[in-house]
Structure formats: structure tokens, C-alpha cells
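Please keep the sequence and the model at hand while reading.

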Amino acid sequence: EPAPGGSILPSIRPPVTRPNSHPVAHPLDIRQLRRALRTRRRSLSPAQQAAASAAVAAVVTALPAFRRARRIGFYLAHGGELDPAPLRRRAQRLGKGCYLPGLHPLGHNRLHFVAWREGEPLVRNRFGIPQPRLQRPVPAWSLDLILVPLVAFDAQGNRLGQGAGFYDRTLAFRRRGRRRPHLIGLAHAFQQVPLLPTAPWDVPLDGIATERRFLCARSPRHA
């Protein structure tokens, strides 16, 4: 979907393929794509953001994966990300356990999930982003559903994140054939691109919810 006045998205060149290796993305194209989509997200008005968040909440609550889930991982929206707050409040009203990710202050470079309710105190992690205190954290594999933020996605369930790799490292066990937790990305519809380059460590999503619809991933990795 082009931005007003024309598309702001750079075209992604086909990935470079080296002998006996996985395709390698063009770093410049990925940096341009991240910059363009972050800019467009931040250009949305508060009313547009709120409308999109409410629409995505309606899409996700209709999914069997959400209805069956007892323990759900959420996130606190940052930098124009699709805000799952309306969905989290709905989950709490339904009696579901709601968890937020947090980074350990000494590193580890993986996310820990902590049960959290609206109004409970937050602290800032080493990137200045609010998170819950890491009291009684639970591992990602113990959750039924994790809602994942993203910068871009494609119809195969590939996700472009912020570039730090926290979710891919945290969810690496999914690459070994484990089907839980269910992974659903939340995004604005304009964040979809035709095809994202992938790396061996990437963890694909099971689907993506936008304000328009739920897109079930078509990747053969989900077969």
C-alpha cells in the first residue's frame, strides 16, 4: 500500500546466494526498509493508532489460538508499534494470564516473561524501554500464545524486527519442531512487503494480524 504521495518503501533486491550457504540479505536495503516503515508508523496520528489497535484486537479475539490460550505474552508498544493494550485489557477481563517481556539487566540477550496487570510498576531496561521487574519470570515455551511486534512481514510468516535478535534467540526452540507457543505478529497492513530475505536463525510467525485481517503464514516451515 503506497504512502500518500507515493511509496516510501525501498525495493528489496534479491538476496545474494553464496555457494553452500543461505541467501544473504543486502544490509543497505534492510536498513532503508526499517527506516521507511518506522517513519510511516510514527507519522500516524493518535486517533489512527487507536483505531488500528482496536481493529486488531477484534481480529485476534476471534482466533481459536486466542480463545484457547490461558497464558499470553504481550509487549508494550514503542516507536509507533501496533499497540496491543486493548487486546491485553480484553484478555485480562476474560481471566487469561498476561505476560510482558523483559531484558535481564546483566545481559543474556534473551527475553524473560513476567505476569503483569494494568497499573503495576515498570522499570526501564538498558535501552530505556519500560518493562516489568523481573520477579518470578517464566520461559517463553511455557506460554500458549506470544504476540510479537515487528517492522515488516511477508505472507510466508517471515518477520523483520528491530535488528537486535531478541525474539529469534528467545524463540530458537521453535526451530527444533516445537509448535508452541503460537506466534502471531501484530502490524499495520502497510507493513507487509512481497518477500523478506531470511537467515538460518530466523523464527517464522504462525500468522500476522493487521487492522484488516488475519494472515495465516504460508511458509513450508509451518507444514
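Arg 68 has its place in helix H3, residues 64-68, where helices (H or I, at least four residues) and strands (E, at least two) are DSSP runs numbered from the N terminus. Arg 68 is exposed at a relative accessible area of 58%, given that buried means under 20%, exposed over 50% and partly exposed in between, with a 1.4 Å probe and protein chains only.

This is a predicted model, in which local features need pLDDT of at least 70 and side-chain atom pairs count only at pLDDT 80 or more, while totals for chains, interfaces and linings use all residues. Residues are numbered from 1 along each chain as its sequence is written, and side-chain values use heavy atoms, with hydrogens and water left out.

## Salt bridges

A search of the whole structure finds two salt bridges, each defined as a side-chain nitrogen of Lys or Arg within 4 Å of a carboxyl oxygen of Asp or Glu. In one of them, the side chains of Arg 88 and Glu 118 meet at 3.1 Å, N to O; because Arg 88 belongs to helix H4 (residues 85-93) and Glu 118 to the loop between strand S3 (107-115) and strand S4 (123-124), the pair ties together parts that are 30 residues apart in sequence. Arg 88 is buried at 3%, whereas Glu 118 is partly exposed at 41%.

Asp 206 and Arg 174 also meet in a salt bridge (3.1 Å, N to O), and both residues are buried.

## Cysteines

Zero disulfides are found in the whole structure, a disulfide being a pair of cysteine sulfur atoms within 2.5 Å. Cys 98 is buried, with a relative accessible area of 5%, while Cys 216 counts as exposed at 51%.
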